[in-house]
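Reader: I would like the labels used for this structure set against their cut-offs. Please give the value, then the rule, then the conclusion.

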Amino acid sequence: MRNASLESGFIKIDATADPSKYIRKMDRKASGEASKNIKRVSIDLLQLKPGDRVLDIGCGTGGEVRKMAAIVGLRGRAVGVDFSETMLDEAKKRSRAEELRPFFFQSDATRLPFREDRFDACRTEGMLYLIEDPVAAVKEMVRVVKPGGRSVCIEPDFGTYRIEGSEPELTKRMIEARCAHFKNSKVARLLPLLFGKVGLTDIKISTVELAQNQLDAEQMSMLRDNFVDAAALRQLATRDEGERWLADLNEAATKGIYRMTFHLFVVFGRKPAREG
Ligand SMILES: C[S@@+](CC[C@H](N)C(=O)[O-])C[C@H]1O[C@@H](n2cnc3c(N)ncnc32)[C@H](O)[C@@H]1O
């Protein structure tokens with residue numbers, strides 16, 4: 001089995017054989033137009049202004065923290081936390097040239113090292129689906145945001161995968177394997193309800209479809225890692241079936257009829273202002 005694991009390396013990047021692989025994965029994802037748009041929308045939703053204090057939980061290499069630091073300016077504070085030292089080292093390295101120095105701390109999303117009501121706004125992106133207890137992380141987010149403060153979560157829902165191919169039953173098993181790879185691969189659809197349960201108001205939900213219509217060598221290799229290896233490891237499909245599935249998708253791509261989609265949820269909520 002080629003480097004396969006039963007759980008995503010993103011929950012323990014520093015303990016993987018090649019931590020920098022995850023930086024490359026993040027950079028690749030962030031370079032797509034759809035991803036850039038969603039990141040922009042999520043920052044707009046936070047309605048930041050100069051002087052605000054803002055937090056990004058599971059900030060990765062800190063791209064959004066740097067953007068938010070530019071908005072809140074020298075009177076404000078933009079902070080990123082992440083579990084992984086590899087990610088934080090890269091975030092700090094990429095922030096060295098920044099005039100408006102953002103702050104980075106190592107922390108678990110479910111135990112933030114901040115007192116309550118500390119931030120005007122908070123975001124998290126692509127982290128809740130990875131972790132054991134996303135409810136605890138959302139509660140922490142709400143705890144550290146001020147009354148009246150804004151929170152935004154952006155999460156993929158891998159239960160929404162659609163992959164067109166000539167063997168739908170095999171595709172279904174591949175998707176099942178992909179979903180099983182993460183602790184909470186369908187948490188995104190629960191976020192609106194969860195935001196309500198933890199007391200957030202003004203909840204706004206939007207979904208964005210991400211689509212892949214072409215397959216280059218790198219995308220093919222990601223499909224092999226993400227679906228075929230995962231399915232073989234969980235005995236949901238044999239390796240021969242996996243290779244047949246890839247060949248089928250590759251043929252569809254050659255004919256220009258390959259299509260894979262899944263949805264991202266962008267969920268906004270506001271902590272109620274204190275009465276009186
Ligand atoms: C898929 S990446 C997303 C990074 C960034 N938010 C983005 O969208 O580019 C997930 C990030 O969450 C971090 N992470 C995973 N588990 C965490 C936890 N329990 N607490 C804080 N961060 C965590 C990982 O180290 C990684 O940087």
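Predicted model: local features only at pLDDT ≥ 70, side-chain atom pairs only at ≥ 80, totals over all residues.

Author: Residues are numbered from 1 along each chain as its sequence is written.

Reader: What makes α8 roughly antiparallel to α9?

Author: The axes of α8 (residues 217–233) and α9 (residues 239–254) cross at roughly 150° and come within 9 Å. Helices here are DSSP runs of H or I with at least four residues, and strands are runs of E with at least two, numbered from the N terminus. Axes are lines fitted to C-alpha atoms, for helices over the stretch in contact, and angles run from 0 to 180 degrees between N-to-C directions. Angles under 35 degrees count as roughly parallel, over 145 as roughly antiparallel, 65 to 115 as roughly perpendicular and the rest as oblique. The angle of roughly 150° therefore makes α8 roughly antiparallel to α9.

Reader: Why are α6 and α8 called roughly perpendicular?

Author: Helix α6 (residues 168–180) packs against α8 at an angle of about 90°, the axes being 8 Å apart. That angle falls in the perpendicular range, so the two helices are roughly perpendicular to each other. R173, M174, A177 and R178 of α6 meet N226, F227, A230 and A231 of α8, where a contact requires C-beta atoms, placed from the backbone, within 7 Å.

Reader: Why does M220 count as partly exposed?

Author: M220, in helix α8, has 14 C-beta neighbours inside 10 Å. A residue is buried with 20 or more other C-beta atoms within 10 Å of its own, exposed with 12 or fewer, and partly exposed in between, with C-beta atoms placed from the backbone. The count of 14 lies in between, so M220 is partly exposed. Leaving aside neighbours within four places in sequence, M220 is in contact with L215, L246 and N250.

Reader: Which residues of α4 are buried?

Author: In helix α4 (residues 85–95), T86, M87, L88, E90, A91 and S95 are buried. Their cover includes α1 (20–30), α3 (63–72), β2 (77–82) and β3 (103–106).

Reader: How many residues surround the ligand?

Author: There are 19, with G58, G60, F83, S84 and A109 the closest; the criterion is a C-beta atom, placed from the backbone, within 6 Å.

Key: Contact = placed C-beta atoms within 7 Å.
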